[in-house]
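Hi,

Here is the structure I promised to hand over. Have a look at it first, and then read on for what turned up.

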Amino acid sequence: MKRARLIYNPSSGREEVKRWIPRILDTLEKSGYETSCHATKGQGDATFAARMAVERRFDLVIAAGGDGTIYEVINGIAEQRYRPALGIIPAGTTNDFARALGLPRSIPKAVEVIANGTPIPIDVGKINSRYFINIAGGGALTTLTYEVPSKLKTLLGQLAYYMKGIEKLAFLSPMHIRLEADDRIIDEEIMMFLVANSNSIGGFEKIAPNAKTDDGLLDCIVLRKTSLPDFIRIATLALKGEHVNDPKVEYFQTRKLVAISNEKVKLNLDGEFGGTLPCTFTALPRHIKLIR
Ligand SMILES: Nc1ncnc2c1ncn2[C@@H]1O[C@H](COP(=O)(O)OP(=O)(O)OP(=O)(O)O)[C@@H](O)[C@H]1O
């Protein structure tokens with residue numbers, strides 16, 4: 001039998017994944033996987049567990065949780081020479097990456113996909129010595145995702161993010177950042193920059209409309225200095241993917257992006273705190289095999 005390691009975060013989303021474990025194990029067994037489980041205990045544990053699964057040569061690693069759990073699992077696998085196939089069970093609050101890939105958001109259906117799907121290569125973003133699979137960013141509002149307490153997400157789901165977003169709007173301010181891409185340099189005050197591997201970010205499904213998870217490119221969105229009303233107007237356009245034509249927005253694709261600032265710009269990697277600038281983003285083309 002093939003061997004699978006299920007790494008699940010019992011605190012993700014509405015804390016539902018635990019009750020599905022017997023069903024998950026049963027479905028995987030029927031499709032030929034002998035599966036063992038690891039429940040994460042806190043920050044960094046999913047990375048550690050994924051690294052162990054690589055060392056022990058598992059055929060498949062399944063990340064069950066939110067985008068933060070997937071991020072941690074990716075960071076345990078991406079740097080290794082042997083990289084098991086990856087399965088995703090979306091059990092978080094926003095589940096951006098699962099949404100971008102069109103994976104079912106119901107836990108039993110997602111397990112069926114893992115049991116019967118095929119491994120497809122996908123790109124991974126590298127930033128200094130860390131990895132991200134969906135989205136990275138810096139500047140105003142990008143600290144939002146890791147500032148929302150887990151308990152509030154359990155209680156309110158995605159609404160918890162919107163509440164925090166509204167609270168943070170009052171403190172919106174630009175930062176001077178220099179961005180060096182393959183074909184351009186932006187060196188000015190900006191509100192935020194995003195570097196995307198997929199088109200779904202924070203529940204907005206058209207924020208990087210040309211992004212593909214296997215094109216070896218990073219999709220960058222830069223929002224220039226704006227007033228609060230302009231910011232809200234552009235966020236509204238972003239719901240329909242129309243923000244990319246706005247003069248305040250620069251949208252481009254690149255293989256590499258260098259970001260530098262004299263200010264303390266915090267980075268967000270797949271929703272988690274990822275250190276501060278300076279940094280270099282690169283795309284690792286088709287680096288991980290994802291079952292879908
Ligand atoms: N047993 C645990 N108890 C509390 N927190 C945990 C536990 N295991 C992992 N974590 C933390 O959970 C965070 C990741 O949560 P995850 O992204 O999976 O779910 P979420 O935050 O509900 O969903 P989303 O990212 O979609 O909003 C990580 O910061 C990790 O450190």
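Let's start with the ligand: domain 1 (2-117) and domain 2 (132-286) both contribute residues to the shell around it, so the ligand lies between the two domains. The domain bounds come from an automatic or database domain assignment.

Before going further, a word on what you are looking at. This is a predicted model, so local features need pLDDT of at least 70 and side-chain atom pairs count only at pLDDT 80 or more, while totals for chains, interfaces and linings use all residues. Residues are numbered from 1 along each chain as its sequence is written. The mean pLDDT (the predictor's confidence in each residue, from 0 to 100) is 93 for the chain, and 100% of its residues reach 70 or more. The model scores are ipTM 0.95 and pTM 0.91.

Back to the ligand. There are 23 residues around it, and Gly-65, Gly-66, Gly-68, Gly-92 and Thr-93 are the closest. Two elements give two or more residues each to this shell, namely α3 (67-77) and α7 (150-156). Of these, α3 provides the largest share, with three residues. Helices (H or I, at least four residues) and strands (E, at least two) are DSSP runs, numbered from the N terminus. By class, the shell has one nonpolar, 17 polar and five charged residues. Here Ala, Val, Leu, Ile, Met, Phe, Trp, Tyr, Cys and Pro are nonpolar, Asp, Glu, Lys and Arg are charged, and the others, Gly among them, are polar.

Now for how the domains meet. Their C-alpha centres lie 26 Å apart, and 15 residues of domain 1 are in contact with 22 residues of domain 2. Contact requires C-beta atoms, placed from the backbone, within 7 Å of each other. On the domain 1 side, α3 and α4 (96-101) each supply at least two of the touching residues. That side is made up of six nonpolar, four polar and five charged residues.

Strand β7 (residues 135-139) is worth a look too. How many of its five residues are buried? Five of the five are, where buried takes 20 or more other C-beta atoms within 10 Å of a residue's own, exposed 12 or fewer, and partly exposed a count in between, with C-beta atoms placed from the backbone. Ile-135, Gly-137 and Gly-139 point one way from β7, and Ala-136 and Gly-138 point the other way. The strand pairs in the antiparallel sense with β9 (residues 185-196) over five bridges, and Gly-138 is opposite Phe-193 there. It also pairs, again antiparallel, with β13 (residues 266-269) over three bridges, with Ala-136 opposite Leu-269. Strands pair if DSSP finds at least two bridges between them.

Finally, two valines to click on. Val-222 is in strand β10 (residues 218-224) and is buried, because 22 other C-beta atoms lie within 10 Å. Among the residues it touches are Leu-179, Ile-190 and Phe-193. Val-54, in helix α2 (residues 45-55), is partly exposed, because it has 19 other C-beta atoms within 10 Å. Residues touching Val-54 include Gly-76, Ile-77 and Tyr-82, leaving aside those up to four places away in sequence.

Cheers

Terms used. Near = placed C-beta within 6 Å. Contact = placed C-beta atoms within 7 Å.
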